[in-house]
Amino acid sequence: MLKPLADVYMAGVNKGYPPFNCLLPFDDGDRRLYDAMIRHIEASQIDPLAVNDEDGGVYHLAQVAFSALTRLHNAIHHGGGNGDKDL
């Protein structure tokens, strides 16, 4: 069940993002992660196994889950992902 999430993580690393950068605060993180969730949920609305070829062939629904977990992490640890404060 977690392999699709690992695939999303590795797709980011393969695109050149530093490992574990998803755990760091970033500008406007809450809005950006929410927007990503909506974009990927729309892409998987008809086919739950829809694949995002632009991001290494990962499932759009896996990207929804990864964004949701990253959004939760940032809200807990970085004040909503905006980097304003540590909770």
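This is a predicted model: local features need pLDDT of at least 70, side-chain atom pairs count only at pLDDT 80 or more; totals for chains, interfaces and linings use all residues.
I take helices (H or I, at least four residues) and strands (E, at least two) as DSSP runs, numbered from the N terminus. Residues are numbered from 1 along each chain as its sequence is written, and side-chain values use heavy atoms, with hydrogens and water left out.

**Entry 1: the loop between α1 and α2**

I looked up aspartate 28 and found it in the loop between α1 and α2. Its phi is positive, about 55°, although aspartate 28 is not a glycine. At 35% relative accessibility, I log aspartate 28 as partly exposed; the scale is buried under 20% relative accessible area, exposed over 50% and partly exposed in between, with a 1.4 Å probe and protein chains only.

Phenylalanine 20 also has its place in the loop between α1 and α2. Its phi is near 65°, again a positive value in a residue other than glycine. Phenylalanine 20 counts as exposed, at 52% relative accessibility.

**Entry 2: aromatic rings**

I searched for aromatic pairs and got 1. The criterion is that rings of Phe, Tyr and Trp (its six-membered ring) have centres within 6.5 Å; planes under 30 degrees apart are stacked, over 60 edge-to-face, and the rest tilted. Tyrosine 9 belongs to helix α1 (residues 3-14) and phenylalanine 20 to the loop between α1 and α2 (29-43), so the pair ties together parts 11 residues apart in sequence.

**Entry 3: α1 against α3**

For axes I use lines fitted to C-alpha atoms, for helices over the stretch in contact, and angles run from 0 to 180 degrees between N-to-C directions. The axes of α1 and α3 come within 9 Å and cross at roughly 80°. That makes α1 roughly perpendicular to α3; the classes are roughly parallel under 35 degrees, roughly antiparallel over 145, roughly perpendicular from 65 to 115, and oblique for the rest.

Contact (heavy atoms within 4.5 Å) is made by Pro4, Leu5, Val8 and Tyr9 of α1 with Ala62, Gln63, Ala65, Phe66 and Leu69 of α3. I sorted these residues into 8 nonpolar, 1 polar and no charged. Here Ala, Val, Leu, Ile, Met, Phe, Trp, Tyr, Cys and Pro are nonpolar, Asp, Glu, Lys and Arg are charged, and the others, Gly among them, are polar.

I then checked phenylalanine 66, which lies in helix α3. Apart from neighbours within four places in sequence, phenylalanine 66 contacts Leu5, Val8, Tyr9 and Cys22. From phenylalanine 66 to asparagine 52 I note 14 residues in sequence and 14 Å in space, C-alpha to C-alpha.

**Entry 4: α2 against α3**

α2 and α3 pack at about 160°, with axes 8 Å apart. α2 is therefore roughly antiparallel to α3. I note 9 nonpolar, 6 polar and 2 charged residues in the contact of α2 with α3.

Histidine 60 is in helix α3 (residues 60-78). With a relative accessible area of 11%, histidine 60 is buried. Not counting residues up to four places away in sequence, histidine 60 touches His40, Ala43, Ser44, Ala50, Val51 and Asn52.
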